[in-house]
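Hello,

Here is the structure I promised to pass on to you.

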Amino acid sequence: MPGTRAGGLKARDKNLANDPGFYARIGAKGGRNGRTGGFAANPELAREAGAKGGRISRRKKAVSQATT
């Protein structure tokens, strides 16, 4: 991992010199992994989680302020 912008550009150039498809190959791996599991594979689980989130609020109860 580069420490500076110049170091990052140097690393990028080196990766592309060794393999012109370096970043395309990494991106393709991420795209293949992104379509599996999670809520996309189980819509019923997503529905239950959404309903839970709607019921459970993290906000504190409203406090009414009386003006005197």
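What follows is a short tour of what turned up, starting with the overall picture and moving on to single residues.

First, some housekeeping. This is a predicted model, in which local features need pLDDT of at least 70 and side-chain atom pairs count only at pLDDT 80 or more, while totals for chains, interfaces and linings use all residues. Residues are numbered from 1 along each chain as its sequence is written, and side-chain values use heavy atoms, with hydrogens and water left out.

**Overall picture**

The protein has four helices and zero strands, so that helices and strands are clear, they are DSSP runs numbered from the N terminus (helices are H or I, at least four residues; strands are E, at least two). Read from the N terminus, the order of elements is α-α-α-α.

On confidence, the average pLDDT (the predictor's confidence in each residue, from 0 to 100) is 82 for the protein, and 82% of the residues score at least 70.

How much of the protein is buried? Of its 68 residues, 0% count as buried. Here buried means under 20% relative accessible area, exposed means over 50%, and partly exposed is in between (1.4 Å probe, protein chains only). The protein exposes about 6600 Å², and carbon and sulfur atoms supply 56% of that area. These accessible areas come from the Shrake-Rupley method with a 1.4 Å probe, and for residues only the protein chains shown count as cover.

**Salt bridges**

A search of the whole structure finds three salt bridges. The term stands for a side-chain nitrogen of Lys or Arg within 4 Å of a carboxyl oxygen of Asp or Glu.

- Arg12 and Asp13 meet through their side chains at 3.0 Å, N to O. Arg12 has its place in helix 1. Arg12 is partly exposed, with a relative accessible area of 36%, and Asp13 is also partly exposed, at 42%. The two side chains are joined by a polar contact of 3.0 Å as well. A polar contact is a pair of N or O atoms within 3.5 Å; within protein, one must be able to donate a hydrogen and the other to accept it, and residues adjacent in sequence count only if both atoms are side-chain atoms.
- Arg25 and Asp19 form a salt bridge with an N to O distance of 2.2 Å. Arg25 is partly exposed at 42% relative accessibility, and Asp19 is partly exposed at 23%.
- Glu44 and Arg47 form a salt bridge at 3.1 Å, N to O. Both residues lie in helix 4 (residues 43-55), three residues apart, which is about one turn of the helix. Glu44 counts as partly exposed because its relative accessibility is 39%, whereas Arg47 counts as exposed at 52%.

**Around Tyr23**

Tyr23 belongs to helix 2 (residues 22-33). Its relative accessibility is 39%, so Tyr23 counts as partly exposed. Together with Leu16 and Ile26, Tyr23 forms a nonpolar patch on the surface, with about 260 Å² of accessible area together. Patches are made of residues with over 30% relative accessible area and no salt bridge; like charges are joined within 9 Å and nonpolar side chains (Val, Leu, Ile, Met, Phe, Trp, Tyr) within 5 Å.

Which kind of aromatic pair do Phe22 and Tyr23 form? A search of the whole structure finds one aromatic pair. Phe22 and Tyr23 form it edge-to-face, 4.9 Å centre to centre and with 90 degrees between the planes. Rings of Phe, Tyr and Trp (its six-membered ring) pair if their centres lie within 6.5 Å; planes under 30 degrees apart count as stacked, over 60 as edge-to-face and the rest as tilted.

**Two distances along the chain**

Arg12 and Phe22 are ten residues apart in sequence and 9.5 Å apart in space, C-alpha to C-alpha. Ala49, in helix 4, is partly exposed with a relative accessible area of 33%. Ala49 and Phe39 are ten residues apart in sequence, with 9.4 Å between them in space, C-alpha to C-alpha.

Best wishes
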